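Let's walk through this structure together, from the overall fold down to single side chains. Please keep the sequence and the 3D view side by side as you read.

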Amino acid sequence: MAMQKIGDHTTTANSATGANTEQLKEDLRHLSQTVEELLHASAEDSRESMKEARARAQSRLEATRARLSAQGDRLAASARESADCADRYVHDNPWTSVGIGAAAGVVIGMLLGRR
């Protein structure tokens, strides 16, 4: 049963990560557009347009940093949760875990032995 729980969690995490990746791409696209606007405004050297473009770039940069930080925190929490789930599974099923580890060792040993 614990294996099913791990699988369900992974599927949910993958869909959430996909949505976060799309949001991150959108944030970076907006940030790059703002930087381009800032470059164009600096070419015109209009003081008012420079201040406005600089303010927009600053606010978008801060928003992107906040989202990146939040996503990093979510990923760390997800990794901790997955590690805890795996730890519980190993403690609940020690012999199964030993068998899985031994089988993986045999397969890796055979693959490395062929080289």
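A word on the ground rules first. This is a predicted model, in which local features need pLDDT of at least 70 and side-chain atom pairs count only at pLDDT 80 or more, while totals for chains, interfaces and linings use all residues. Residues are numbered from 1 along each chain as its sequence is written, and side-chain values use heavy atoms, with hydrogens and water left out.

Now for the overall picture. The protein has 3 helices and 0 strands, so the pattern along the sequence reads α-α-α; helices (H or I, at least four residues) and strands (E, at least two) are DSSP runs, numbered from the N terminus. Of its 115 residues, 10% count as buried, where buried means under 20% relative accessible area, exposed over 50% and partly exposed in between, using a 1.4 Å probe and protein chains only. The accessible surface comes to about 8800 Å², and 60% of that belongs to carbon and sulfur atoms; the areas come from the Shrake-Rupley method with a 1.4 Å probe, and for residues only the protein chains shown count as cover. Among contacts with a separation of 6 or more, 60% are made by residues 24 or more positions apart, a contact being heavy atoms within 4.5 Å.

UniProt, in an unreviewed entry, lists residues 22-73 and 86-115 for "domain: DUF883"; its positions are in the numbering used here, feature names are shortened, and annotations may be inferred rather than shown by experiment. The span 86-115 is 90% helix and 0% strand, and its end C-alpha atoms lie 32 Å apart.

Next, look at Leu-31 in helix H1 (residues 2-44). Is this residue buried or exposed? Leu-31 is buried, at a relative accessible area of 15%. Beyond residues up to four places away in sequence, Leu-31 touches Ala-57, Arg-60, Leu-61 and Thr-64. Its C-alpha is also 9.1 Å from that of Arg-56, 25 residues apart in sequence. Ser-32, likewise in H1, is partly exposed at 34%, and 8.9 Å separates its C-alpha from that of Ala-57, 25 residues apart along the chain.

Side chains of opposite charge can pair when their charged atoms come close. The structure holds 1 salt bridge, meaning a side-chain nitrogen of Lys or Arg within 4 Å of a carboxyl oxygen of Asp or Glu. Here the side chains of Glu-52 and Arg-56 meet, at 2.9 Å from N to O. The two are separated by about one helical turn because they are 4 residues apart in helix H2 (residues 47-92). Glu-52 is partly exposed at 47% relative accessibility, and Arg-56 is partly exposed at 28%.

Finally, follow H2 to its meeting with helix H3 (residues 94-113), where the two pack at an angle of about 105 degrees with axes 5 Å apart. Axes are lines fitted to C-alpha atoms, for helices over the stretch in contact, and angles run from 0 to 180 degrees between N-to-C directions. H2 and H3 are therefore roughly perpendicular: angles of 65 to 115 degrees count as such, under 35 as roughly parallel, over 145 as roughly antiparallel and the rest as oblique. Tyr-89, Val-90, His-91 and Asp-92 in H2 meet Pro-94, Thr-96 and Ser-97 in H3. Ser-97 is buried, with a relative accessible area of 17%, and, leaving aside neighbours within four places in sequence, Ser-97 is in contact with Tyr-89 and Val-90.
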